[in-house]
Number of protein chains: 2
Amino acid sequence: MHPLRRVRIQPDMDFEKRLEWFRNECAAAGLPCTHQREVLYRALVEAKDHPSPEMLYERVKRKIPSISLGTVYRNIKIFLDHGLIGEVSLHHGSLRLEANNEPHHHLVCRHCRKMFDLPAAGVHAIRLRRALPEGFQVERFVVEAHGLCQECAAPKKRRSN
Amino acid sequence: MHPLRRVRIQPDMDFEKRLEWFRNECAAAGLPCTHQREVLYRALVEAKDHPSPEMLYERVKRKIPSISLGTVYRNIKIFLDHGLIGEVSLHHGSLRLEANNEPHHHLVCRHCRKMFDLPAAGVHAIRLRRALPEGFQVERFVVEAHGLCQECAAPKKRRSN
DNA sequence: TTATTAGATGAGAATTATTACTATCTTGTC
DNA sequence: GACAAGATAGTAATAATTCTCATCTAATAA
Ligand SMILES: [Mn+2]
Ligand SMILES: [Mn+2]
Ligand SMILES: [Zn+2]
Ligand SMILES: [Zn+2]
C-alpha cells in the first residue's frame with residue numbers, strides 16, 4: 001500500500017534504507033519489530049561471510065549481551081520463512097551420500113528436499129562472464145536445479161504443499 | 001599394480017563389478033574389507049535417493065541387525081576420505097545465512113569451506129542439453145564453484161593445507 | 001499517556017546429529 | 001592357527017537445533 005512497502009532491496013543499498021525496508025516487511029507480515037530483530041538483521045546485512053547461527057549469536061551478543069541463542073534461532077527461522085534473508089544451502093542439517101563419485105549435478109526439490117541426479121553431460125559447460133574475484137582457484141562447477149519435484153508440484157488431493 | 005586395481009567405476013556397472021573395485025580400493029588403502037563395510041557399500045550403491053547416515057543405518061540393519069550407528073558414521077567418513085563415495089553438499093552441519101536475498105551464486109573453498117558471492121550476472125545462463133527427467137519443475141539454477149580460496153591455495157609457511 | 005494483549009524474550013530442558021571412548025572381536029598376514 | 005593392526009558394538013559425550021514456559025514488550029486503541 002505505502003509506496004515504500006514494495007521497494008526492491010539492492011546489494012548496495014545502505015543500511016538505513018534496508019532497515020526501513022525491513023520494518024515495512026515486518027509490518028506487512030504482522031511481525032513486531034523488536035530491538036533484537038533489528039540488531040539481528042543489521043548483523044546479517046553487515047556480515048560478508050555467510051555466518052552460522054552461532055556466529056551470528058556471538059556478534060549480536062556484543063550489542064545485546066542478554067540475548068539468547070534461542071531467540072537467534074527463532075528469528076532466523078522467521079526471517080527465512082518471510083524471505084527477509086536467505087540460506088546458502090538446502091542441504092544443511094544432515095549429511096547426504098551417494099556411491100556415484102563421478103562429478104554430476106542435482107535437481108533439488110525445495111519442498112521435500114529430495115535430490116535427483118542430473119548427469120554432467122546433460123548440462124552445457126558453465127561459462128563465466130568475468131574474472132573471478134581475488135585469486136580463487138576453481139576446480140569444478142556444481143549446478144543445482146532448484147524447484148519442485150513431480151510429487152510436490154502436483155495439485156494434492158487433500159493437504160496443500 | 002593389479003590391472004583391475006585402477007578400473008574406473010561407471011554408473012551402470014553391476015554390483016559385483018563395483019564390489020570388486022571396492023575391495024581393490026580397500027586393499028590399496030590398507031583398509032580391512034569387513035562384512036560391515038561391504039554391506040554399507042552395497043546399500044550405498046543400491047540407494048538412488050542420496051541417503052542420510054540415519055537412513056543408511058536403517059537399511060543396513062536389515063542385513064546386520066547388530067550394527068551400530070557409530071560404525072555407520074565411522075565408515076562413511078572413511079569412505080569419503082578415500083573417495084569411495086561422495087557427499088552431496090559441502091554445507092551440511094550448520095545453517096549458513098545472508099541478508100542478500102537476490103539470486104546469486106557462490107565460490108566455495110573445499111578446504112576451509114568459506115563462501116564468497118558470485119553475482120548471477122557473472123555467470124552465463126545455464127543451458128540444458130536434454131530434457132529433465134520425470135516432470136521436475138525447475139525454478140532456478142544455483143551454481144557453486146568449488147575449489148580453493150586464496151589463503152588455502154597459497155603454499156603455506158609451516159602447516160600444509 | 002495508559003491499558004490491553006498478541007506475540008516476543010530469556011533460561012533452560014529436550015531432541016537430533018555427530019563424535020569419542022573402550023573392551024572385545026575380525027581381518028589380513030605369516 | 002597365531003599375531004597384530006585395526007574394526008566393532010555399546011555407550012558416553014558433544015554439537016546443533018528445537019521446545020517449553022514464565023515474564024516482558026511492541027503495537028494499538030482509549
Ligand atoms: Mn547424485
Ligand atoms: Mn551469498
Ligand atoms: Zn518434492
Ligand atoms: Zn579456503
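**View 1. Contact between helices α1(B) and α2(B) in the predicted model.** In this predicted model, Phe15(B), Glu16(B), Arg18(B), Leu19(B), Trp21(B), Phe22(B) and Arg23(B) of α1(B) meet Arg37(B), Glu38(B), Tyr41(B), Arg42(B) and Val45(B) of α2(B); contact means heavy atoms within 4.5 Å. The residues of this contact comprise 6 nonpolar, no polar and 6 charged, where Ala, Val, Leu, Ile, Met, Phe, Trp, Tyr, Cys and Pro count as nonpolar, Asp, Glu, Lys and Arg as charged, and the others, Gly among them, as polar. Helices (H or I, at least four residues) and strands (E, at least two) are DSSP runs numbered from the N terminus.

**View 2. Geometry of the α1(B) and α2(B) pair.** Helix α1 (residues 15–29) of chain B packs with helix α2 (residues 35–46) of chain B at an angle of about 135°, and their axes are 11 Å apart. Axes are lines fitted to C-alpha atoms, for helices over the stretch in contact, and angles run from 0 to 180 degrees between N-to-C directions. The two helices are therefore oblique to each other (under 35 degrees counts as roughly parallel, over 145 as roughly antiparallel, 65 to 115 as roughly perpendicular and the rest as oblique).

View 3. An open sheet of 6 strands has the order β4(A)-β3(A)-β5(A)-β5(B)-β3(B)-β4(B), with mixed pairing; strands pair if DSSP finds at least two bridges between them. At the edges stand β4 (115–119) of chain A and β4 (115–119) of chain B, each with a single partner strand, so one side of each has no neighbour in the sheet.

**View 4. Strand pairing around β5(A) and β5(B).** Strands β5(A) and β5 (residues 137–148) of chain B run antiparallel and are joined by 11 bridges. Gln137(A) has Leu148(B) as its bridge partner in β5(B). In chain A, β3 (residues 104–109) pairs with β5 (residues 137–148) in the parallel sense over 4 bridges, and Val108(A) stands opposite His146(A).

**Conventions.** Residues are numbered from 1 along each chain as its sequence is written, and chains are lettered from A in the order in which they are written. Local features need pLDDT of at least 70, side-chain atom pairs count only at pLDDT 80 or more, and totals for chains, interfaces and linings use all residues, while side-chain values use heavy atoms, with hydrogens and water left out.
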